[in-house]
Amino acid sequence: MPAPSEPLPADHPLLALLQRHERVLVAGAPGSGKSTLVRAAAAALAHRHQACHCLSADPGLPAIGPPGAACLGRWQAGDWRLEAIAALATLDAARFRLPLVQAVRRLAEQAAAGALLLDAPGVVRGTAGAELLPALAEAAGVGALLLLAAEDTPFPLQEECRALGLEAVTLAPEPHARHPGKRRRRQRRSDDWDAWLASARETVLALPRLALTGNAPPRSAPEAWTGRQVGLLDTRGDTLGLGEILALDGDRLRIRTPRLVGRPHALVVRDAGRGRDGQLGTARPHASTPGTPAPNDIPVPLESRDGPCPRADLGTVTATLVNGVFGDPLLHLRLRHQSRSLLFDLGDPGRLPARLAHQVSDVFISHAHFDHIGGFMWLLRSRIGQYPPCRLYGPPGLAEHLQGLVGGILWDRVGEKAPRFEVGELHGERLLRWEIVAGEARPTPLPECPAPGGLLHEELGFRVRATTLDHGTPVLAFALEPDRQVAVRKERLEAHGWPPGPWLGTLKHHVLAGEGEARIRLPDGTTRTAARLAALLLMTQPGERLVYATDLGDTAENRRRLVTLARSARVLFCEAPFLEAEAEQAQRTGHLTARACGEIAAAAGVARLVPFHFSRRHITDTRRLHDEIRLAFTGEPAGDGDTG
């Protein structure tokens, strides 16, 4: 707690300013004694039985309240009593000037009548200072300025202050005023943050249900979220609380925060966070693997013209129906910790950023109808450059269709940057393969591969297999089969005092590869074998299977094949275009009814069903489709707006 403040003498210039103006901005370089002066002024006003508020606008080390926020306090019983905060989740007033000004405006509007002292941050030089000080003065509605500067050194922003047209008084700092130094300032800030969290409790939030503002790390890098400050806002943008992120587990955000009064509507995450040394500071920007584009982290809207965009979390994989339940089929599977994506079908990719195409390593195409393959042109254009070949898999005839799309373009200027693809067609239990290179007239045959049980692709971590269905043309349904999943026991990690980091990904890789004797370098510089660390830190569990099926007629053979593929899957994405009353049209066009979709899911014993590819005739009301599914499937159906 700060030492008791000696009141200012009655003839002090700041008190004189407060007699003429209710609101005064106090500015000066870091360590010039602004906060001490403001406390002394408040103490003097209290002796006169006058109320005084302070609006602390230095998020790096506020005079009151938690760091990482603008704070409003009232002088009471010899100290500041915190009344309101506006979360910024940054300690950098210069970089985040606009959010700071908006926060000051919001708090200034909440301040009661009486004296208000605006304790400005020590940003008094350069463009940041020239922009920030006038903006703060306007936002808080101040009538005068108190500037702290040495007598022989003009205040750095003197001309900007003159331009405001406000009464201004310049004083020399107190002789004992000193900058605390970076180390001491950081320690004081960390102590204040720990004091703020002293009464905190753990809260779990569903991240997709909250608006996210600021500049948070990508969701594909959960380790970068740990320790970050998070502001929790209500629907009006007022701050409900300020907390610290414990972990991001898929779409579940675990935080520590003092008790909240109200339900969060939005979160703000910027660059303030606890470092490995336990102190609060500014986190470094998260960097992707060198040479790899940043992972796609643009949240898919839950509501769009194509309806809800269901999402499934399978631990190491997040699957999202990009175009919702009515749009072109396109399932995006993001492989966590790999900056890599898989796609099931290639419908309209307009909602995906172009950079994601650089991360797509494998595409599994059910068949070549336009709404399932039309997005290939997006992929084709995005891979002009020095990229490895993208692998595509599908039914017989896929290579010819893709070659036709590639051949319709003039490639006279791409040279060595021509897009390249390896195409595999499933013929029974054989995978026939070709290489397609933009600018070459014909596909080049590659050695065929065996495909036992429809196995298309296998690598460390997962497999993808397919089965052939009938839609009047051969159609493939796909199953993603992850290997055993390896998770970190966070409580054991904390007990050993080891911070999370890329070394954990290396450990998991060696464990999955059966390389128990591999040496892992720990954050403290020591090394241990992967097997020993796995016994200490990791837990394993079976992988969770995902199955994707669309565009199939309701025949006994189709049902048998799909039920076999989807047996006991964690989640089944399955088409359900029509109602039972539209069964004749479903049969004529080679599609399922909602009832058939539910019956297949029930027969396969899947844990969760995600119906999609609905006919647009039901776009105003999907309730009847879901009702028919529930007549047959009593598991976990994903209804409207469900993100799973």
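# Questions on a predicted model

Gln-102 sits in helix H3 (residues 97–110); helices (H or I, at least four residues) and strands (E, at least two) are DSSP runs numbered from the N terminus. The model is predicted: local features need pLDDT of at least 70, side-chain atom pairs count only at pLDDT 80 or more, and totals for chains, interfaces and linings use all residues. Residues are numbered from 1 along each chain as its sequence is written, and side-chain values use heavy atoms, with hydrogens and water left out.

Me: Does Gln-102 count as buried, exposed or partly exposed, and what is its relative accessibility?
Reply: Buried means under 20% relative accessible area, exposed over 50%, and partly exposed in between (1.4 Å probe, protein chains only). Gln-102 counts as partly exposed, because its relative accessibility is 48%.

Me: How many Å apart in space are Gln-102 and Ala-139, C-alpha to C-alpha?
Reply: In sequence, Gln-102 and Ala-139 are 37 residues apart. In space, C-alpha to C-alpha, the separation is 7.5 Å.

Me: Which strands stand at the edges of the open sheet of 6 strands?
Reply: The order of this sheet is E8-E12-E11-E10-E13-E9, with mixed pairing; two strands pair if DSSP finds at least two bridges between them. An edge strand has a single partner strand, so one side of it is left without a neighbour in the sheet. The edge strands are E8 (201–206) and E9 (211–214).

Me: Which residue in E12 is the bridge partner of Arg-201?
Reply: E8 and strand E12 (residues 252–257) run antiparallel and are joined by 6 bridges. In E12, the bridge partner of Arg-201 is Thr-257.

Me: Which residue has a side chain joined to that of Asp-238 by a polar contact of 2.8 Å?
Reply: Asp-238 lies in the loop between strand E10 (229–233) and strand E11 (239–249), and at 18% relative accessibility Asp-238 counts as buried. A polar contact is a pair of N or O atoms within 3.5 Å; within protein, one must be able to donate a hydrogen and the other to accept it, and residues adjacent in sequence count only if both atoms are side-chain atoms. The contact of 2.8 Å is with Arg-106.

Me: Within what arc do the buried residues of H14 fall?
Reply: In helix H14 (residues 556–566), Asn-558, Leu-562, Val-563, Leu-565 and Ala-566 are buried. The arc is that of the directions from the helix axis to the C-beta atoms. Seen down the axis of H14, the buried residues line one face of the helix, because they fall within an arc of 160°.

Me: Which exposed residues does the face of H10 turned away from its buried side carry?
Reply: In helix H10 (residues 398–407), Leu-398, Ala-399, Leu-402, Gln-403 and Val-406 are buried. These fall within an arc of 125°, so they line one face of the helix. The face turned away from them carries Glu-400 and Gly-407.
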